[in-house]
Amino acid sequence: MENNTITQMPRIGDKAPDFTVTTTTGPLTLSEYNKGSWVVMFSHPADFTPVCTTEMSGFAKEKDFFAKHNAKLLGLSIDSIHSHIAWVNAVHEKTGVLFEFPIIADIDMKISKLYGMLQPGESETAAVRAVFFIDPAGKIRLIMYYPLNVGRNMAEIKRVLVALQTAFEHSVACPLDWEPGDKVIVPAPKTIEDLAERKISNLEMVDWYLAKKSI
Ligand code: BEZ
């Protein structure tokens, strides 16, 4: 029988639901881990599977990037802590890549269900490939969901982290394909006076509502 149950999924702008869990680096409470930094939390379907190994290795290799951008990594799958430890050890021995970030052992599926990572039409037992970008105030700012059979794109994960940080820090927006160093979009004028000011500004202006600046 098809499972059409719609569960409440976390949304952009929601406070990230808090939890305390068992991870490969010990017990972890999200709200404490999140203090003063961004958290990039991602799920993978299962330990000892090929696509997941490439993805987790990708996160591990980018640890300096995430540290430089004040973002802590947090993995998750519906596996036991023993499975996680064995997998981390196996990948390290085979490839030299060490998953130093904590990985949640969500064996009872509590966090997967809380974050909409368990999507029964895709799998009843494995989390989809989700990524949650949580800001230092504990708010969810961007969510990605990928199916089991397509790996994520590390360049895009890095790009959106920097785009989010840039947009919030400068109260601007990032256009299509924005990359760090590119011009950003300034908010549209809200009054006739603002519009008059904009007309004589040195912003790059496509139209009065679409203007860009360098930061
Ligand atoms: C993988 O990571 O290769 C994988 C995991 C679960 C289902 C399909 C592929």
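Leaving aside neighbours within four places in sequence, R159 is in contact (heavy atoms within 4.5 Å) with D177, W178 and E179. The structure is a predicted model, in which local features need pLDDT of at least 70, side-chain atom pairs count only at pLDDT 80 or more, and totals for chains, interfaces and linings use all residues. Residues are numbered from 1 along each chain as its sequence is written, and side-chain values use heavy atoms, with hydrogens and water left out.

R159 is found in helix α6; helices (H or I, at least four residues) and strands (E, at least two) are DSSP runs, numbered from the N terminus. R159 counts as buried because its relative accessibility is 17%, where buried means under 20% relative accessible area, exposed over 50%, and partly exposed in between (1.4 Å probe, protein chains only). A polar atom of the R159 side chain lies 2.8 Å from the backbone oxygen of W178.

The 17 residues of α6 (residues 154–170) should span 24 Å at 1.5 Å a residue, and the end C-alpha atoms are 24 Å apart, which agrees; the expected span is 1.5 Å times one less than the number of residues. The buried residues of α6 include M154, I157, V160 and L161. At the N-terminal end, N153 caps α6, with a side-chain oxygen 3.0 Å from the backbone nitrogen of A155. Just after α6, S171 takes a positive phi of about 50°.

Elsewhere, M205 lies in strand β9 (residues 204–207). M205 counts as partly exposed because its relative accessibility is 31%.

Methods: A polar contact is a pair of N or O atoms within 3.5 Å; within protein, one must be able to donate a hydrogen and the other to accept it, and residues adjacent in sequence count only if both atoms are side-chain atoms.
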